[in-house]
Amino acid sequence: MNPALIVALDVPTLKEMEDALNRLPETIEWYKVGLEIFCAEGPAVLEPLKRRNKKIFLDLKLHDIPQTVANAVKTAASHGVNLLTVHAIGGRAMLEAAAKAARECDNPPKIVAVTTLTSLGQDDFQDLGIERTISEQALALGELAISSGIDGLVTSAHEAGALRERFPEALLVTPGIRMPDGDVGDQKRVATPAFAVQQGSTHLVVGRPIMQANDPSAVTAAILADIKTAL
Ligand code: C5P
């Protein structure tokens, strides 16, 4: 499977999303829709993507009781979503219910799990009563998710290598991608597209470097070319 570039549509309204889609190049096949715009506009936000035959990564990070998550997975799948996130911390029963619900759909979405939010630090772990280190927790929850039937994990490029070794078949979805000369912004652990692919990432999530580019087609082409150098 060739690695996929996913552009994060981090905009607040449907109008801004349509404007972005009109501005961005056809070569982008995947888009990520997150909580902000989904809460603002609901599933209608997926329609412009479906009209353009784009693949949809719905990043809602589901975390609830198993039945509720299973129902949300089925509903999302019915809207034509291809990739969906859950929180691994929801536990085995929730993860198994999500995986089973996806498998039962006519067009099964792939489910990937977030192990630990990158906004959390070791101090937060103490507040939460978690005694593992952050990387131990990521590996342990990765194990839990994959052994529960989840298709993959969300990971930085820097942890992708270890996860790829441990989980040879897993999808690895990686944000924090920047070209070597790119503006890092608020991202702390960035990596180039080629590095992420070399580490085993299968899906690269890019937001601002493309969304805020003066020439999004040129940036997209540069990212796709960088991915190719790693194949
Ligand atoms: O603009 P940028 O390329 O930094 O955006 C990356 C996208 O990936 C954003 O939608 C952001 O919320 C998401 N993300 C991230 N880091 C994580 C998890 C998700 O940047 N650890």
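Biologist: Which strand does Thr85 lie in?

Modeller: This is a predicted model. The strand in question covers residues 83-87. Thr85 lies in β4.

Biologist: Is Thr85 buried or exposed?

Modeller: Buried means under 20% relative accessible area. The relative accessible area of Thr85 is 0%, so Thr85 is buried.

Biologist: Which backbone nitrogen does the side chain of Thr85 reach?

Modeller: Thr85 touches several residues beyond four places away in sequence, including Phe57, Asp59, Val112 and Val154. Leu60 is also one of those that Thr85 touches. At 3.2 Å, the side chain reaches the backbone nitrogen of Leu60.

Biologist: Which residue caps the N-terminal end of α8?

Modeller: Helix α8 spans residues 157-166. A side-chain oxygen lies 3.0 Å from the backbone nitrogen of His158. That oxygen belongs to the capping residue, Ser156.

Biologist: Which elements do the buried residues of α8 pack against?

Modeller: Residues three or four places apart in an α-helix point the same way, because there are 3.6 residues a turn. The buried residues of α8 include Ala157, Ala160 and Arg164. The buried residues pack against α7, β6, β7 and α9.

Biologist: What is the radius of gyration of the chain?

Modeller: The chain has 11 helices and eight strands. The globule rule gives 17 Å for 231 residues, and the chain is close to that, so it is as compact as a globular protein of that length. Its radius of gyration is 17 Å.

Biologist: How far apart do the centres of the positive and negative side chains lie?

Modeller: There are 22 positive and 29 negative side chains in the chain. The centres of the two sets lie apart by 5 Å.

Note on methods
Residues numbered from 1 in each chain as written. Predicted model: local features only at pLDDT ≥ 70, side-chain atom pairs only at ≥ 80, totals over all residues. Heavy atoms only, no water. Buried < 20%, exposed > 50% of the residue type's maximum accessible area, 1.4 Å probe, protein only. Helix = DSSP H or I, 4+ residues; strand = E, 2+ residues; numbered from the N terminus. Contact = heavy atoms within 4.5 Å. Polar contact = N/O pair within 3.5 Å; in protein donor to acceptor, adjacent residues only side chain to side chain. Rg over C-alpha atoms; globule rule 2.2 N^0.38 Å. Lys, Arg positive; Asp, Glu negative; His and termini not counted. Charge placed at Lys NZ, Arg CZ, Asp CG, Glu CD.
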